[in-house]
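Subject: Structure handover and notes

Hello,

Here is the structure I said I would pass on to you. Please open it next to this email and look up each residue as you read.

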Amino acid sequence: MATVKHKRCPGSWREASGGYALSGRASRRAELQRMDIRFLFWNRTSQLKILLLDVTRIMPLPDTMFCAQQINIPPELPDILKQFTKAAIRTQPPDVLQWSAGYFSALSKGEPLPVKDRIEMPVATQKTDTGLTPGLLKVLHKQLSPKGRVSVIELEKKWKHLCLPVEQLRALLQLDNFGEEVEWLKVLALGCSILGGSLMTSVKYACEILTTDPEGGPARIPFDTFSFIYTYLASIDDEMPDYTVEAFLSTLKGQVDQQNGMVQPRNFLTQAS
C-alpha cells in the first residue's frame, strides 16, 4: 500500500498495519488529550465516592439482617427478662425506668430486689397520698433491716428506686433528731404512722410487715419488737403520757406470756376497743 501524505502537513501521516496512525506532534497531542480524559474520569469518580460516603453518613444503611444461626443469645437472658417482667407487674412502679435501675443494680450486687410480694391497691386510710404502701415498706425492710443502721444517703437511694417522693421521706425524718445515719426500725415505725390513722393502726401495719407468718395468718411478732415500736411512736405523740404507755404494755404482757412471747394484732385491737 502506498504512503499517503497530506499536502498541508507533510510527514504527518505514516502507514500502519491495517490503516493510518498519527505521528509526530499530532500523536503526542492526542495522547495528552486521552490522559486528560482519564484524569477527568478518575477525578469525577473520586468525587462521586466521597459524595456517596457523605450520604451514607447522613442516611445510614438499613440494619443488617442476620439469620437465627448468627445470633448468639446468652442462655440466662430469657429467664432474667421473664423474672424482670413478673417483678414489674407485681410492683406496678409509676416510673418503670427509675425502678428498673434499682432492680438491676440490686440484682447485679446480689441484694434484695425492690419487688413487692404481690400486687396491692393503695391504702385507703393513708393521711396523705404519698404512694407509700405496706408492700413498699416491706420491700424497704427486706433491703435495709439486715444492716440495722443505714445512712440517709442509702435510704434516699432505695426510696427513689421505689419511685417514692423524696420530699416525703425528708419530712418523715424531721419527726425525730436523726443524723447522717438512722435506725431502720424507727424509720419503719414512722412509715407505719403514715399508713395508719392512729397509733393502734400503725402498730397493726408494723405487725403485718414484720411478721414471718404467711399472708392471712395471725401476723405475730416478738413482744420486744412490738414494745419498741409502740413506745417510740407514743413518744412522737406528745399527748400520750408515759404511764399510759406502760400500763398498756403491762396489760398486754399477760396475753403475750401465753403465746410464747409473741403478740398479734387481735391482742391489742381487742383491748383498745
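The notes below go through what was found, topic by topic.

First, the ground rules. This is a predicted model, in which local features need pLDDT of at least 70 and side-chain atom pairs count only at pLDDT 80 or more, while totals for chains, interfaces and linings use all residues. Residues are numbered from 1 along each chain as its sequence is written, and side-chain values use heavy atoms, with hydrogens and water left out.

Salt bridges

Side chains of opposite charge can pair when their charged atoms come close. A salt bridge here is a side-chain nitrogen of Lys or Arg within 4 Å of a carboxyl oxygen of Asp or Glu. The search of the whole structure gives twelve of them.

One of these joins Lys158 to Glu111, with the closest N and O atoms 3.1 Å apart. Lys158 sits in helix α5 (residues 152–161) and Glu111 in the loop between α3 (96–109) and α4 (134–144), so this pair ties together parts that are 47 residues apart in sequence. Helices (H or I, at least four residues) and strands (E, at least two) are DSSP runs, numbered from the N terminus. Are the two partners buried or exposed? The terms are set by relative accessible area, computed with a 1.4 Å probe on protein chains only: buried is under 20%, exposed is over 50%, and partly exposed is in between. Lys158 has 10% and is buried, whereas Glu111 has 31% and counts as partly exposed.

A second salt bridge is between Lys142 and Asp117, at 2.7 Å from N to O. Lys142 belongs to helix α4 and Asp117 to the loop between α3 and α4, so the bridge ties together parts 25 residues apart in sequence. Lys142 is partly exposed at 36%, and Asp117 is also partly exposed, at 47%. Asp117 and Lys142 are linked with Lys138 in a network of salt bridges.

Lys147 and Glu154 form another salt bridge, and their closest N and O atoms are 2.4 Å apart. Lys147 is partly exposed at 46%; Glu154 is partly exposed at 21%.

Cysteines

How many disulfides does a search of the whole structure find? The count is zero, where a disulfide is a pair of cysteine sulfur atoms within 2.5 Å. Cys192 is in no disulfide, and the nearest cysteine sulfur, that of Cys207, is 8.9 Å away. Cys192 is buried, because its relative accessibility is 0%. Cys163 counts as buried too, at 17%.

His141

His141 is placed in helix α4. With a relative accessibility of 18%, His141 counts as buried. The side chain of His141 makes a polar contact of 2.9 Å with that of Trp184. A polar contact is a pair of N or O atoms within 3.5 Å; within protein, one must be able to donate a hydrogen and the other to accept it, and residues adjacent in sequence count only if both atoms are side-chain atoms. Leaving aside residues up to four places away in sequence, His141 touches Pro146, Trp184, Leu188, Ile209 and Leu210, where contact means heavy atoms within 4.5 Å.

A nonpolar patch

Which residues make the nonpolar surface patch of about 570 Å²? They are Ile71, Ile73, Leu77, Ile80, Leu81, Phe104 and Leu107. Patches are made of residues with over 30% relative accessible area and no salt bridge; like charges are joined within 9 Å, and nonpolar side chains (Val, Leu, Ile, Met, Phe, Trp, Tyr) within 5 Å. Accessible areas come from the Shrake-Rupley method with a 1.4 Å probe, and for residues only the protein chains shown count as cover. Helices α2 (77–91) and α3 each supply at least two residues, and α2 gives the most, with three. Leu77, in helix α2, is partly exposed at 34%.

Gln92, in the loop between α2 and α3, has a positive phi of about 55° although it is not a glycine. Asn260 is not a glycine either and has a positive phi of about 60°. Asn260 lies in the loop between α10 (242–257) and β6 (262–263) and is exposed at 76%.

Asp224, in helix α9 (residues 223–236), is exposed at 65%. Asp224 and Gly261 are 37 residues apart in sequence, and their C-alpha atoms are 8.3 Å apart in space.

Regards
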